[in-house]
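Here is a short report on one protein model. Please look over the sequence and the structure before reading on.

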Amino acid sequence: MTFADSPVNNSDLRLIKEHGGIEEYEVKNNGLKVLLHHNPSMPVATVMVTYKVGSRNEKDGVTGATHILEHMMFKGTKKFSLDSNLDYSNQMENIGARSNATTSFDRTNYYATLGKKHVPLAIQLEADRMRNLQLNEKSLASEMIVVRNEYERRENNPYATLQKKIFSNAYEKHPYHHPIIGWKKDIESINVNKLQTFYDTYYWPNNAVLTIIGGFDKAATLEAIKQYFGVIPSSPNPIPTLEIVEPEQKENRFVEVHRSGEVGAVLIANKAPKGTHADWPSLLLLCEILGAEKIGRLYKALDDKGLASDSYVFPRRLKDPGLIFFGATLTAETTHDQIQEILFSEIEQLIENGVTDKELKYAKSVYLTNLIYSKDGSFYIADLINDGIALGDWTDYINFSKSIEQTTSEDLHRVARTYLNKDQQTIGWFIPKPTQLSQNPIPENLTAPYYFKDPYEELNIWENENQSEINFTPNIKEIYISNIHLVTVKLPTEQVISCSGSILAGNQKSPPESPLLADLTASMLDKGTLSMDRFEITELLNSLGIKIQFESKSNVLTFKGKFLKKDTETFSKILADLLKNPRFDAEVLGNLKAQYHAYLLDLETNTEFKASTLLSQNLYPKDHPNYQHSLAELRKSLDAITVEDLKSFHSKNYGNKDMKIVFAGDVDTSQIQRNIRSKFSIWKSKKEIDTKPNESTLAQEKRIDYFIPDKTSISVHMGTRTFLKRDNPDYIPFSVANYILGGNFNSRLMKSIRQEQGLTYSIHSFHEGDILTTGNWGLEASFSPELLEKGLSETKNEINDWYEVGISKKEVSQSVETIKGKYLVGLSQTSSVAGQIHSFMLRGFSPFYIDVYPKLLNMVTQSQVNKVIKKYFNPDSMITITSGTFLQDNDISTDISIELEVPNPAWTIQITEVYESAEALIVIAKVNSKNSITSQVITRISDKVSAKVQALNKPIKYYVIGKKWSWHSNTDNVIFIDSKDDIHSVIHKAKSLKFNKKFF
């Protein structure tokens, strides 16, 4: 008998305390802590189990065990096995829950947001897998391929490598030295015995906290906790504690990462105190002052002057002393030394002079307002509590706001002097090795938790993601004011209001020769108006905690906002000023264009971007809104755009014609209607004739392989035109068909390609580009180079079976229930309700369609679904794009390396091309001397690749471009040339080889 099979016992829950509306209980016989935050007005609840174990608890030889065990927790138990389709994932997907798990440094958490009636089921399943997990070699083998693919996807990003290297050098003894996902050698050597030992050491109720937030039946929930968790014993041995203390860092450290790319980055990481230390409120406010978007000190010193394409601050508040990252991405014109000195200067100014009372006031306002916003949805509350549990005190979620309020400018000055000194810094440079191609995505906090699966459940595959058991209709107020379609929705939330709206000024309005014009116009909207400059705007927004963002999409300019009820009139006034009266300052435009240039350079070898672009170009004609322009076209367009172009575009296209706007939350409908009438009713658009895009193209089936060197994972995009729009009655049955194929974690594709065969971390299908125009079916996946062909073959098998055989009646009925469940979960926040209604309105539907949609789902039949697959999906027109570094299985792998002496330690060398002739291997390499260091020090630089050749032991001839020194190299067979044209006759009949970067 397993623990969860045991009958109900007399175990009881002891109420420990109530704090800030949260009740803390303890299961008497096993020490499980339980946190309940009951809000009957919420239609959903979040059930989360947090285990107090993370990569912090790992040792050499078993790094990555926490993360791999997180994956294995979804592989079934004796009672709820994968074979029975009753495992956790299947049951959660079937009821439409949003479930996932993450691993971090100090904790692992498992969670589901679901309809309130399903809370006891989630409790039962979590209790069952706490002690009844089945670990075996077969399930581990398939999941390990998934984990390796996840590792390779992260390694595709050089910024991830840089942050990993900074952590490993900042910590000498503490386990924070290890990456969360583990070292590759340990990942590859993991086995069932190691995982079983780890599981049996840490996965016990006395090392866990069960958190339940939202709407639920309290009596039934408490009974379920006693029934399912109460029968589990506490751990037979004490949970191990970490005794390692990191020695004090007494001098700064420096690391470099050399990867392919065009735009470098500088990161500075300072040691910070443990997460519960009283100095953290001051440190987080310092981070806001230094790193705030559009107004922070780094933004003013770097981004606003066009010196960086992006600046950022990543505080890593951990259980033990953590790190705070400060950094910036270079532009094409800046150097690492230059950016580093500016970062040093800004940090030094904080140390010397502290902050102003004005800066502190707005930083507090931003932080405290964000805490109010964080209560807009059960998951976000649970996640913040989860962070507190990881630090060692769940009440941090409630108490931290009081600490923020009490913090003074003197506190900030003191902590700056204490923690931001250079002796405690680890500095990292990403030094790109330029190629003819090059990408690196804008950095993000890549030391964030690792998810069990991609959190792509916003999925855009549907009408929306989830259905509501709430009847929204009585709470919706609709009115037309001039050309404006205005909707308000009253929701049971306090203070918070979200806004979602649009005007017809999207990218399709850009002239063909200037495809970035609409996007650049949108980017300038918050960079100053006729009455306020860009800093005054941001200071005003921050002081009130108002959020406004603009985005130019293919068909419309969208705007989203969030604010407190007391600021309703102010929000409308600011939104109107930003939309109607942009300043279009020439200096700001110049700096923004420099950032755009750096961003476009970053995209050159982004495997996802390249695959997506090539797919769109093969599906759509050039004049179609869904066509993605090449980077060369975008750069040319960017160079030519002037302030006058922006003003002309704004004058011609901006106005209230077909303006749609939705407010959802704690709304005062009468006040909102007055504000919109006052601010927007006389803002007329110029009349123009809208031309319809060419919808007649249909591509022939083809495959395009786009080679990008130095990548560990290959991006795959597939697509075919369906000519479906979302207002087509066939769209809903087609969306059900696609959901069954690739729309969720338990779809046919994920079950076969990931769960059964373990070929990828992520694969999903969708329908896109279909709101104002007809669109296309698409698929995205990633595979390691050695599994690419098998992955493609198995994917196509699943698609062909879906097309030829069709969908079963059971699949249709189950998927409809799942979609409706997800629809419920997705409408549990003010922002998602506003966004969903706005999305319906864009398609020409009434706002009341939000209640109609679930009823239409209920009407979908098996016959309809199979008919629309054949009607709209054409396998003979399928385009397949692969992008990354490929291997050829019929060739032999060999390593090729080059090493030179140069007079500058900042210079690098990169092998850019490899050829094979009948007599020799021909290697072209390039010396990058862009980065300048004044001291002349003779340094050896090198590069190494692995290439697939037809024959081993051929001599290698090296040709090097970019020599800037006078002496001869000691390397044999090296010839220095000015350009590849110099050796045209040598490579004319040689075969170009694909290769992988080798890391030393």
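Is Cys287 buried or exposed?

## Cysteines

This is a predicted model. In it, Cys287 has a relative accessible area of 7%. That value is under 20%, so Cys287 counts as buried. Cys499 is buried too, because its relative accessible area is 4%.

## A five-stranded sheet

Five strands form an open sheet with mixed pairing. Their order is β8-β12-β9-β11-β10. The edges are β8 (253–260) and β10 (308–316). Each has a single partner strand, so one side of each lacks a neighbour in the sheet. From one strand to the next, the twist averages 15°.

The partner of β8 is β12 (residues 425–433). These two strands pair in the parallel sense, over eight bridges. Val257 stands opposite Phe430 in β12.

Helix α5 (residues 158–170) packs on this sheet. The helix touches β8, β9 (265–271), β10, β11 (323–330) and β12. Its direction makes about 155° with that of β8.

## A helix pair

Helices α18 (residues 568–580) and α23 (residues 669–680) pack with their axes 10 Å apart. The angle between them is about 25°. That is under 35 degrees, so α18 is roughly parallel to α23. The crossing is right-handed.

Which residues of α18 meet α23? Among them are Thr568, Ser572, Leu575 and Leu579. On the α23 side, the residues include Gln671, Ile672, Ile676 and Phe680.

Terms used. Residues numbered from 1 in each chain as written. Predicted model: local features only at pLDDT ≥ 70, side-chain atom pairs only at ≥ 80, totals over all residues. Heavy atoms only, no water. Buried < 20%, exposed > 50% of the residue type's maximum accessible area, 1.4 Å probe, protein only. Pairing = 2+ DSSP bridges. Helix = DSSP H or I, 4+ residues; strand = E, 2+ residues; numbered from the N terminus. Axes fitted to C-alpha atoms, helices over the stretch in contact; angles between N-to-C directions. Contact = heavy atoms within 4.5 Å. Parallel < 35°, antiparallel > 145°, perpendicular 65-115°, else oblique. Left-handed = near helix turned anticlockwise from the far one by under 90°.
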